[in-house]
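User: I have a model open on my screen and would like to understand the terms used for it. Could you take me through them?
Analyst: Happy to, here it is.

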Amino acid sequence: MTRRMIIMIGCVLLLVAALALGKFLQIRALIAAVPKPGPQTVSTAEVQKLQWQSQFTAVGTLNPVRGADLSTEVAGLVHTVHFKSGQDVKAGALLVELNADSDIALLHSAEAAAAQAATVLKRDQAQLAVQAVSQAQIDADTNDLKAKRAQVEQQAAVVAKKSIRAPFAGRLGISALNPGQYVNAGDKLVTLQTLDPIYVDFTLPQQQLAGLAVGQVVNLTVDTFPGQTFSGKINAISPKVDAATRNVQVQATIANPKQVLLPGMFANVKIDIGGIQEYLTLPSTAVTYNPYGSTVYVVKPADPPKAGAPGTPGTPAPAPATDASGKPQLVAQQIFIETGPTRGDQIAIVKGLQAGQVVVSSGQNKLKNGTPVTVDNSVKPSNDPAPTPQEK
């Protein structure tokens with residue numbers, strides 16, 4: 001009975017082994033029948049050692065050194081407009097006159113009353129010399145004269161308010177003001193802006209405060225004048241960091257002799273910090289960012305196929321692997337790297353690569369370790385340290 005059971009178990013095991021072997025051979029045949037993917041086409045870039053000037057960058061807003069929307073303190077009818085839109089004026093230049101006829105008449109009346117009070121005081125002082133009036137009368141006359149003169153000054157100030165003058169030199173804006181037009185107190189008449197020099201206000205993260213100092217050179221560009229750089233110096237750094245954004249406000253003064261920079265423009269600001277440094281540089285598109293680290297694919301020749309046992313006498317050296325055209329076969333190898341600062345389309349590599357290595361700059365999303373590649377650099381990603389928008 002025991003012998004029969006052992007024979008039965010052995011037969012079952014042989015059957016299972018035969019079925020497993022058949023399935024294995026079947027799967028291996030299917031795998032062998034699947035066509036292997038051909039080399040993937042990629043573009044490449046060489047790791048270069050370049051000199052970098054470290055910079056802080058920010059977006060700023062241009063503001064006038066002096067600028068104001070001029071208005072009137074008193075209401076009135078416009079009598080004369082002494083300027084043209086867009087005109088450059090000097091400080092104190094008369095811009096607008098309001099109708100002040102009634103105010104001038106009141107001024108003359110006040111001047112006459114003050115003159116009469118001065119005459120009365122002079123006459124009473126002569127009578128005081130002969131004891132004809134008391135000292136109290138002289139004191140009353142003196143106070144009355146002071147009051148009358150104060151009224152003259154008050155009325156003269158009212159008349160002066162009817163003439164609006166430029167508080168500082170600058171360029172006037174566009175105005176629709178016309179003679180005969182009635183304006184209320186506080187109505188905007190025209191804007192006046194000083195354009196040379198001009199301020200640029202911008203903010204930087206608090207981490208960059210250590211690299212800032214008053215007097216530091218600032219370069220800025222505006223989209224209005226592509227390719228043109230304007231220079232200036234930092235004149236003020238805010239003593240307070242914004243608690244909401246953790247940014248600090250910085251102001252620089254920019255020379256604007258041609259007065260082409262206007263208040264309200266936005267500008268790209270760059271501040272050079274420290275000395276020039278050398279970095280291994282790649283196009284930013286070559287780096288793949290993952291939760292477990294940044295990687296690149298290095299292109300290198302494929303390892304030659306193994307032939308014979310190593311060290312066997314008389315065994316010829318294996319020939320290098322080649323592609324269909326007979327050229328050495330290239331493969332992609334994934335390498336972990338550490339990245340540094342960026343500059344335009346470029347990124348600095350701090351660790352993991354050496355100068356002269358060739359890495360994949362585009363097409364790495366279809367690669368894995370050991371994938372054969374074909375290099376086609378007819379179209380390459382941009383590698384410009386200072387790119388500008390291109391209109392097509």
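Analyst: Let us start with a pair of residues: Val-81 has Val-96 in E6 as its bridge partner.

User: What makes E4 and E6 paired strands?
Analyst: Strands are DSSP runs (E, at least two residues; helices are H or I, at least four), numbered from the N terminus. Two strands pair if DSSP finds at least two bridges between them. Strand E4 (residues 76-81) and strand E6 (residues 94-98) are joined by 3 bridges, so they pair by that definition, and they run antiparallel.

User: Why are E7 and E9 called edge strands?
Analyst: The open sheet has the order E7-E6-E4-E9, with antiparallel pairing. Strand E7 (163-165) and strand E9 (182-183) each pair on one side only.

User: How do you know how far to trust the model?
Analyst: This is a predicted model, where local features need pLDDT of at least 70 and side-chain atom pairs count only at pLDDT 80 or more, while totals for chains, interfaces and linings use all residues. Residues are numbered from 1 along each chain as its sequence is written, and side-chain values use heavy atoms, leaving out hydrogens and water. With pLDDT being the predictor's confidence in each residue, from 0 to 100, the chain has a mean of 85, and 92% of its residues reach 70 or more.

User: Why is Ile-9 called partly exposed?
Analyst: Buried means under 20% relative accessible area and exposed over 50%, with partly exposed in between (1.4 Å probe, protein chains only). Ile-9 has 48% relative accessibility, so it counts as partly exposed. Ile-9 lies in helix H1 (residues 2-33).
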